[in-house]
Amino acid sequence: MGNIIETKKISKKYNGFLAVDSIDLNVPKNSVYGVLGPNGAGKTTLISMLCTILRPTSGMAIVNGYDIVKQAKEVRASIGIVFQSRALDDILTGREHLEMHASLYGVPRDIRQERLDEVLELIALGKKADEYVKTYSGGMKRRLEIGRGLIHHPKVLFLDEPTLGLDPQTRENIWDYISHLNQTSDITVLLTTHYMEEADKLCDEIAIINQGKIITSDSPRNLKKELKADTITIKVDYPDDFVEKVKELNFIKDAFLIDGEVKLMVESGENLIPAVVEFASNEGFPVKSVELEHPNLEDVFIKFTGSKISSEGK
Amino acid sequence: MAELEGIYTLWLRETKRFFRYRSRIITSVVTPLLWLIIFGTGLGSAVRFGNMPGGYEAFIYPGIIGQTVLFTSIFSGLSVIMDRQYGFLKEILVAPISRPSIVLGKALGISTAAVIQATILLLLSFIVGVSMTPMVFILCVGIALIMSVGLGGMGLVIAAFTDSMEGFNLIMSFIVLPMFLLSGALFPITGLPSWLQTGVYLNPLTYGVDALRYAILGESALPLGISIIAISVFAVLMVLVSSIIFSKKEQSLM
């Protein structure tokens with residue numbers, strides 16, 4: 001299969017600030033690849049370099065066999081992009097956006113109508129396709145942008161935070177849509193997100209990035225497996241003291257204090273809750289609540305960075 | 001071929017935008033009419049000008065057409081700032097077409113808007129008592145077209161260096177108004193104090209207004225040929241400069 005995107009020690013520096021720090025990224029062809037990280041981790045900068053919007057300070061990258069600096073035009077012709085911020089013209093209709101994009105990307109005239117119909121059906125704008133974009137809802141705008149990114153049948157679709165600011169219902173629809181697309185057509189999707197759930201549901205492989213560096217990359221399943229741990233979240237009085245004290249218990253692999261809650265990494269957590277509660281009471285930490293969670297990507301993230309991905313992530 | 005199609009696509013978008021913002025079309029016709037009817041008649045009645053056949057209104061008529069072309073072209077060029085703020089410029093700049101084609105498509109779209117407005121004013125020539133023949137009409141449209149390509153290109157250059165619409169007032173006070181006032185739209189450009197004369201001759205709009213005045217009233221300060229050459233050189237120069245700037249600054253525009 002091979003990789004459709006490869007970067008070698010790619011870096012981007014802004015006025016002395018290293019936004020992307022020599023990243024080596026390998027994205028297998030026809031996969032859905034997620035770049036996961038908190039806001040400001042360098043995700044958008046990384047994706048912008050791959051889309052030829054930003055020039056790397058050092059290092060290089062190949063997209064669909066083309067060098068992003070020397071063959072920028074060829075790269076542009078092989079990719080579709082959905083930007084994090086909206087990139088629509090209020091006073092054009094949805095159909096006009098698609099037509100314009102098709103001709104800018106040189107979709108041959110004889111198949112243009114066919115492509116337009118295909119995409120319009122996919123993004124299900126219905127009658128709204130012929131109304132001005134300013135009358136669209138957030139979800140419709142997003143669907144239009146995704147549809148637009150697809151009309152020239154790109155080899156790689158870049159989605160920068162595709163569901164940011166959308167309601168849960170629309171978010172789910174867009175996820176289904178992306179999965180369906182990946183299964184039915186010859187396309188690789190590279191998406192950035194700071195929603196754990198999004199990465200978990202959609203991606204075949206993810207790279208966790210923080211402060212411009214890839215911390216780890218693997219399939220979501222393997223990453224979770226690596227933790228070999230359940231999380232017991234416990235609320236007690238004096239959590240700062242408790243987090244130190246609780247490490248005395250030999251079955252606790254690790255303990256963190258996050259937002260006033262103590263998170264304990266354990267194996268087969270369901271059997272250990274009574275022991276933890278008893279320990280807390282004996283040591284003089286009244287327990288307010290206890291919760292057990294099987295590992296999710298958030299925990300993976302916490303394990304690798306020692307901090308929560310964002311206040312919005314679950 | 002792909003480049004031509006790209007130019008056409010961008011031209012089409014500009015033109016659609018122009019026709020959809022109806023209020024803009026109305027203002028751009030009403031403003032010059034106010035100048036012609038109120039300012040022209042008022043000043044024309046108060047002051048007696050020698051050597052102005054047809055009166056002051058007729059004298060400023062070509063100047064006001066020049067003003068309309070100036071305002072429309074520069075402000076359409078500045079719409080790039082809005083495109084940038086709304087992210088739409090990114091969508092255009094990441095397309096696989098060359099930067100000069102983007103600039104040319106945009107500049108032609110701007111010209112279309114400016115020429116349409118000039119045409120409306122030319123059709124209203126009876127208001128100032130100027131007779132319009134098909135030949136004069138065609139010549140004026142041609143001049144307006146060349147002027148608008150240059151001024152639109154200039155608008156694009158300014159837009160490339162302006163981050164937000166906050167800079168709009170600065171551009172208005174330091175570029176657009178001086179250009180209008182120094183163009184000889186409102187007064188004859190002969191026999192001026194030398195400092196003013198210099199400013200007038202450095203202003204590309206002067207040559208456009210002078211050419212229009214020759215076409216419409218049959219009199220001008222400079223030979224028609226010189227004026228046409230001046231505005232053509234300006235047009236080519238501005239398209240070149242904005243193409244270079246868009247290619248060089250590409251990264252920071254997105």
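## A tour by salt bridge, interface and helix

Start in chain A. Select A:Glu283 and A:Lys245: they form a salt bridge, with the closest N and O atoms 3.7 Å apart. A:Glu283 sits in the loop between helix H10 (273-282) and strand E15 (287-293) of chain A, and A:Lys245 in helix H9 (residues 239-245), so the pair ties together parts that are 38 residues apart in sequence. Both ends are partly exposed: A:Glu283 has a relative accessible area of 35%, and A:Lys245 has 29%. Keep in mind that this is a predicted model.

**Next stop: A:Glu145.** Select it with A:Arg86. This is another salt bridge, and the closest N and O atoms are 3.9 Å apart. The partners come from distant parts of the chain: A:Glu145 is in helix H5 of chain A, A:Arg86 is in the loop between E7 and H3, and 59 residues separate them. Is A:Glu145 buried or exposed? It is buried, at 2% relative accessible area, under the 20% cut-off. A:Arg86 is partly exposed, at 29%.

**Widen to helix H5 of chain A.** Select residues 138-150. These 13 residues reach 19 Å from first C-alpha to last, close to the 18 Å expected at 1.5 Å a residue. H5(A) is mostly covered, with 10 of its 13 residues buried. Among them are A:Met140, A:Arg142, A:Leu144, A:Ile146 and A:Leu150. What do the buried residues of H5(A) pack against? In chain A, show strand E7 (79-82), H3, H4, strand E8 (156-160) and helix H6 (168-184).

**Now the interface.** Colour the two chains separately. Here 29 residues of chain A are in contact with 25 residues of chain B. Together the chains bury about 2500 Å² between them, 56% of it on carbon and sulfur atoms. Pick out A:Arg76, A:Ile91 and A:Leu104: they supply 25% of the area that chain A buries against chain B, more than any other three residues.

Look at the polar side. Across this interface there are eight salt bridges. For one of them, select A:Lys73 and B:Glu3, whose side chains meet at 3.1 Å, N to O. Residue pairs in polar contact between the chains number 13. Which elements of chain A give two or more residues to the side that touches chain B? They are helix H2 (72-78), helix H3 (94-104) and helix H4 (109-123). H3(A) gives the largest share, six residues. By class, this side of chain A has 14 nonpolar, six polar and nine charged residues.

**Cross into chain B.** Select B:Asp83 and B:Arg13. They form a salt bridge, the closest N and O atoms being 2.9 Å apart. B:Asp83 is in helix H3 (residues 55-85) and B:Arg13 in helix H1 (residues 2-20) of chain B, 70 residues apart. Both are buried: B:Asp83 at 4% relative accessibility, B:Arg13 at 3%.

**Last stop: helix H5 of chain B.** Select residues 99-123. At 1.5 Å a residue, these 25 residues should span 36 Å, and the end C-alpha atoms are 36 Å apart, which agrees. Of the 25 residues of H5(B), 18 are buried, so this helix is largely enclosed by the rest of the structure.

Finish by showing every salt bridge at once. Over all chains, the structure has 26.

Key. Residues numbered from 1 in each chain as written. Chains lettered and ligands numbered in written order. Predicted model: local features only at pLDDT ≥ 70, side-chain atom pairs only at ≥ 80, totals over all residues. Heavy atoms only, no water. Contact = heavy atoms within 4.5 Å. Buried area = accessible area lost by both parts, 1.4 Å probe. Salt bridge = Lys/Arg side-chain N within 4 Å of Asp/Glu carboxyl O. Polar contact = N/O pair within 3.5 Å; in protein donor to acceptor, adjacent residues only side chain to side chain. Helix = DSSP H or I, 4+ residues; strand = E, 2+ residues; numbered from the N terminus. Nonpolar A, V, L, I, M, F, W, Y, C, P; charged D, E, K, R; others polar. Expected span 1.5 Å × (residues − 1). Buried < 20%, exposed > 50% of the residue type's maximum accessible area, 1.4 Å probe, protein only.
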